Amino acid sequence: MPSIISADLKITGNLKSDGDIQVDGNVEGDIDSATLTVGEGAHVKGHISCETVRIHGTIDGAVKAKSVVMAKTARVIGDIIHDSLAIEAGAFIEGNIKRLEGAGRTSTPASASTAPTSSGSGASGGSTGSAAAAKPVAG
């Protein structure tokens, strides 16, 4: 059973748990847990470090997890470092997407499958960060 931060609760400070956390309210601070679920109306401002993250709401900060699932209502402003990434059409990402070091794979099927959603939904694929960085800026 997860620890729940309800919709009417605002927490300022870091959260650390060996179990599961479900955030439906507001958290200003870093979260470190086994599993994190960010509800549709939730807002987290801080860095996330978990095994599994399911995002339906807003995260303003970096996300580092083995498995990241972004629902169509998800909004992430910050980098996502992952081993496995799933993005539904409509999800929004503003930041870089990187694989965890030592993943040992050469292809990124989750990022490749999200390429069509990037044009209409605001989601970005796995290689757009490095491509944008290599592009010369016109003045």
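Contact here means heavy atoms within 4.5 Å. With that in hand, a handy place to start in this predicted model is Ser 33, a residue of strand β6. Leaving out residues up to four places away in sequence, Ser 33 touches Ser 17, Gly 19, Ile 21, Ser 49, Cys 50 and Glu 51. Its relative accessible area comes to 5%, and since buried means under 20%, Ser 33 therefore counts as buried.

Next, the strands around β6. Strand β6 covers residues 31-38 and runs parallel to β4, with four bridges joining the two. One pairing here puts Ile 21 together with Leu 36 of β6; Ile 21 is also among the residues that Ser 33 touches. Seven bridges link β6 to β8, again in parallel, and in that pairing Thr 35 has Thr 52 of β8 as its bridge partner. Strand β3, residues 15-16, is parallel to β6 as well and is joined to it by two bridges, with Lys 16 standing opposite Asp 32.

Strand β4 has a partner in β1 too. Residues 3-5 make up β1, which runs parallel to β4 and is tied to it by three bridges; Ile 5 pairs with Val 23 of β4. In a regular strand, side chains alternate between the two faces of the sheet.

Nonpolar side chains tend to be buried together in soluble globular proteins. The largest nonpolar core in this model has 27 residues, and the members touching the most others are Val 23, Ile 31, Leu 36, Ile 48 and Met 70. At least two residues of this core come from each of β4, β6, β8 (48-55), β10 (63-70) and β12 (80-87). Ile 31 gives a closer look at the packing: setting aside neighbours within four places in sequence, Ile 31 is in contact with Leu 15, Ile 21, Val 23, Leu 36, Val 44, His 47, Ile 48, Ser 49 and Cys 50. Among these, Ile 21, Ser 49 and Cys 50 also turn up on the contact list of Ser 33.

Conventions. Residues numbered from 1 in each chain as written. Predicted model: local features only at pLDDT ≥ 70, side-chain atom pairs only at ≥ 80, totals over all residues. Heavy atoms only, no water. Pairing = 2+ DSSP bridges. Buried < 20%, exposed > 50% of the residue type's maximum accessible area, 1.4 Å probe, protein only. Core = buried A, V, L, I, M, F, W, Y, C linked by side-chain atoms within 4.5 Å.
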